[in-house]
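Hi everyone, thanks for making the time. Please bring the structure up on your screens, and we will walk through it together.

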Amino acid sequence: MATQYSFFTPYGYQNGSCGYCKDAETRQRSAKSSGSYGAIAKILSVDHYQKLIDRGWRRRRLPAAEFQPSRDQRQALHRWNKFVLGDNYAKELSKVKPKSKQDKARSKNEFDLLTTVHEAESSHLPHPHPEPAHNFTVTLEPATFTEEKYLLYEQYQREIHHDAPPEITREGFKRFLCTSPLPTTPIANTTNTATSIATPTRALGSYHQTYRLNNTLIALSVLDLLPHAVSGVYFIYDPAYSKYSFGKLSAMREAVLALEGGYQYYYMGFYIDDCVKMRYKGDYRPQYVLDPEVYVWRELGDALRDALGRRKYVTVADDEQSIMKEAGEAQQDTEPQEDNTSFETYATPKAAASSNLSLLTFGFAGSTPLPTLLSTVNLGATPLLLKQGGKQMLVQLENLVSWEEGDYLDPNSIKGVVAELAACLGVDVAAEMGVDFSR
């Protein structure tokens, strides 16, 4: 079987201003407050993306089958359902479909997430049923651009994130939330020729989950659906419905999608523990965090979450006992803990980015060590996409003179650039990656 390559354009390690890292008083972005390694995927298979998020490109996941909504999360769901159905719906439904004493007791004492999530959807209402106050539908559809979606995005960015109007454009919305390097596999029925039984195949790729009330788009989730992951990318909603806690509603619905669709895990996307806007993501439990050095998933308990909030770097080597001890000492000592990693040689991301050193030199967290990389992957055989005379051409890196003259530890050489990319992608994806310099 021919190798299915994913193609990347590396941008290397850069420092910048994180939109979520803002001064508590001024609410302005902290200058040069973040540092990250980046690459743009031009073509990315869902299998490669799954491997990437499982080695640190998404560091937190929730096993959908184990999810237990908290009291306030359940209340948010009940509050929305009551709004959609109306105050008299339950009373009228009891006349049409009366419940037994056992069913009433079960409804009062037990919470069924799957049933409650779909309770107010028009397609899930029982038959016969009284007329609900509103018509509510939720649909999974390809991540395509429509003017309706853009107008909701524009309103959300302007009123919730306070973006200036010139910063919000249709092209920006398309690039951010519609264009995707992932191939899309729609939901379809596959017939087993031996049994003649049709079974649905799972949707894979980038999708929009749209929420419509009385045929008007009021919310939209941007999701990447992978072999064993529902990965949240972004969520927008009509600010007029802010009081209904749509962040909670969408998270529970996406966890249900992971469970019902057989994706197994729900990844809630980018997370900064001490960011107020993201802190709610840690309230969905049980949640597991990936160690960036040994790739072991650890449950995000209170002690570990506290350590992540106080320290810049936490690994699995910090066993539970030491974390618990540190948490106790923190009650008396509020000074931040020193990190003993080689990256901390540089006081700021800007200093690290200006060092002109390869990430492989100072042991960037989550990157594969160079000896491991070279013993596992033949980087010289990596395909390179170039543009020459207006035409694209594909060559192997080892056939370039500049490849032979370069050094893996020189971030300014093509050899060093590709080595950094491969180290951050991991050996599994690096063995099947291509590099795109055709722009």
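I will start with the overall picture and then visit some individual residues.

One thing to keep in mind from the start: this is a predicted model. The protein contains 15 helices and 15 strands. Of its 439 residues, 44% are buried. Its accessible surface is about 23600 Å², and carbon and sulfur atoms account for 50% of that. As for how the chain comes together, take the contacts between residues at least 6 apart in sequence: 64% of these join residues at least 24 apart.

Let's go inside. In soluble globular proteins, nonpolar side chains tend to be buried together. Here, the largest nonpolar core has 96 residues. Which residues have the most contacts inside it? They are Phe 8, Trp 80, Phe 246 and Met 433. Let me zoom in on Met 433. Leaving aside residues up to four places away in sequence, Met 433 touches Tyr 5, Ser 6 and Phe 8, among others. Its contacts also include Leu 379, Thr 382 and Pro 383, as well as Val 418, Leu 421, Ala 422 and Leu 425. Apart from this core there is another one, of 6 residues, including Val 289, Leu 300, Leu 304 and Leu 308.

Next, please find Leu 373, which is in helix 12, residues 370–376. Is Leu 373 buried or exposed? Its relative accessibility is 0%, so Leu 373 counts as buried. Again not counting residues up to four places away, Leu 373 touches Thr 368, Leu 379, Ala 419, Ala 422, Ala 423 and Val 427.

Gln 209 lies in strand 7. With a relative accessible area of 6%, Gln 209 is buried, because the cut-off for that is under 20%. Beyond residues up to four places away, Gln 209 touches a run of residues including Val 138, Thr 139 and Leu 140. Ala 219, Leu 220, Ser 221 and Leu 223 are also among its contacts, and so are Arg 253, Glu 254 and Leu 257.

Now for the rings. The whole structure has 23 aromatic pairs. One of them is Tyr 153 with Phe 173, a tilted pair with 4.9 Å from centre to centre and 35 degrees between the planes. Tyr 153 belongs to helix 6 (residues 147–159) and Phe 173 to helix 7 (residues 170–177), so this pair ties together parts that are 20 residues apart in sequence. Both Tyr 153 and Phe 173 are buried. Trp 403 and Tyr 408 make another pair: their ring centres are 6.1 Å apart and their planes lie at 80 degrees, so this one is edge-to-face. Trp 403 counts as buried, at 3% relative accessibility. Staying with Tyr 408, Lys 415 lies over its face, 4.8 Å from the ring centre. Elsewhere, the charged end of Arg 61 sits over the ring of Trp 297, at 4.1 Å from its centre. There is also an aromatic cluster whose members include Trp 80, Phe 83, Phe 136, Tyr 156, Tyr 211 and Phe 246.

Let's turn to the backbone. Where are the cis peptide bonds I would like you to see? One runs from His 127 to Pro 128, with omega near -5 degrees. Pro 128 is in the loop between helix 5 (113–118) and strand 4 (136–142). Another runs from Arg 285 to Pro 286, with omega near 0 degrees, and Pro 286 sits in the loop between strand 10 (265–267) and strand 11 (288–290).

Two residues have a positive phi without being glycine. Asn 215 has phi near 70 degrees, and its place is the loop between strand 7 (205–213) and strand 8 (216–226). Asn 215 counts as exposed, at 62% relative accessibility. For Ser 245, phi is about 55 degrees, and this serine is in the loop between strand 9 (229–237) and helix 8 (246–260).

Last stop: helix 1, residues 46–57. Its 12 residues span only 14 Å between the end C-alpha atoms, short of the 16 Å that a straight helix would reach at 1.5 Å a residue. Its buried residues include Val 46, Tyr 49, Leu 52 and Ile 53.

Definitions and conventions: Residues numbered from 1 in each chain as written. Heavy atoms only, no water. Core = buried A, V, L, I, M, F, W, Y, C linked by side-chain atoms within 4.5 Å. Buried < 20%, exposed > 50% of the residue type's maximum accessible area, 1.4 Å probe, protein only. Contact = heavy atoms within 4.5 Å. Helix = DSSP H or I, 4+ residues; strand = E, 2+ residues; numbered from the N terminus. Phe/Tyr/Trp six-rings, centres within 6.5 Å; stacked < 30°, edge-to-face > 60°. Lys NZ or Arg CZ within 6 Å of the ring centre and 35° of its normal. Areas by Shrake-Rupley, 256 points an atom, 1.4 Å probe, with all protein chains shown as cover. Expected span 1.5 Å × (residues − 1).
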